[in-house]
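Good morning, and thank you for the time. I should like to take you through a few features of the chain now on the screen.

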Amino acid sequence: MAHEAASSEAPLTASGFRARKGAAPLVCVTAYDAPFARLAEEAGVDGILVGDSLGPNVLGHTRELHVTVDDIVHHAAAVTRAVTAPLVLGDLPFMSYATLDDALHNAARLVRDGGVAAVKLEGGAEVAAITEGLTSRGIPVMAHVGLTPQSVLATGGYVAQGVNLEGAQRVVDGARAQEAAGAFAVVLEAVPARLASVVTERLAIPTIGIGAGPNCDGQIQVLHDLLGLAFRPPPRHAHRYADLAGATRDALTQYRDEVAEGSFPSAEHGFKIRRGVIDRLSFD
């Protein structure tokens, strides 16, 4: 019933997303396949990101850096086939937008083959020209400043950004440059809550926080962190709302035990054959 209600809504567009600035908080999650995307839609989320966190959470990689455009396209197509109402975004992965030509080619693939309604890229002022090139050609862009996982080799790891004057100014300048370049929203990751609050007040586009405090225009979290499926302690900015890993493990253990002891499958799980058929079979 919830899914039917959600699907009856008009799809949320990038411009509609931007128009939510200062209104009810925007709720976003990552999802990488049809079942979880459908559940996210039934829960009423506003945006679903097919993020490069796909690498560590689904594909078995140690970092996001290993994710390819093909990976994002494949999983984005599964998500967009499953949902109607939320805005679906696809990450442009590591080195897929090194030049504007690269960005245009790969963003077009995400839109055309993955079915996404917008793309997300990491970086501030240094990639503002890429954002402007994409948006001027009709591809909506969500920006991402602060902690940018694709840059962890340069920044020294998954550490908070904007904690001193130089870092805070870099966050401010990056967010403003992305807004000027045409981004319809900006993710603020792992920045102090007070800084995120000031940036949110000064920008005309929505800020989407992840580890950036409660005063952003919305929040995004990795689905696997929320559901206890990440097989690691949740990051500081995440809250585990369920232990699906534990529930799944228990269910599979019970299945194993019942098969081993012969209690599954039982008669209720099988099918009957018509009387006399067995006697008339030939094995010659």
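The expected span of a helix is taken as 1.5 Å times one less than its number of residues. Please keep in mind that this is a predicted model.

Let me apply that to helix 5, residues 69-82. With 14 residues at 1.5 Å each, helix 5 should span 20 Å, and its end C-alpha atoms do lie 20 Å apart, which agrees. Helix 5 also has a number of buried residues: V69, I72, V73, H75, A76, A77, A78, V79 and A82. As a general point, an α-helix has 3.6 residues a turn, so residues three or four places apart point the same way.

I turn now to the aromatic rings. How many aromatic pairs does the count come to? There are two aromatic pairs. In one of them, the ring centres of F17 and F184 are 5.7 Å apart and the planes stand at 85°; since over 60 degrees counts as edge-to-face, this pair is edge-to-face. F17 sits in helix 2, whereas F184 sits in the loop between helix 9 and strand 6, so that the pair links parts of the chain 167 residues apart. Both F17 and F184 are buried.

Y255 and F264 form an edge-to-face pair as well, at 6.0 Å centre to centre with 70° between the planes. Here Y255 is partly exposed, because its relative accessibility is 48%. F264 is likewise partly exposed, at 29%.

Lastly, S266 lies in the segment after helix 12. Its relative accessibility of 29% makes S266 partly exposed.

Key. Residues numbered from 1 in each chain as written. Predicted model: local features only at pLDDT ≥ 70, side-chain atom pairs only at ≥ 80, totals over all residues. Heavy atoms only, no water. Helix = DSSP H or I, 4+ residues; strand = E, 2+ residues; numbered from the N terminus. Buried < 20%, exposed > 50% of the residue type's maximum accessible area, 1.4 Å probe, protein only. Phe/Tyr/Trp six-rings, centres within 6.5 Å; stacked < 30°, edge-to-face > 60°.
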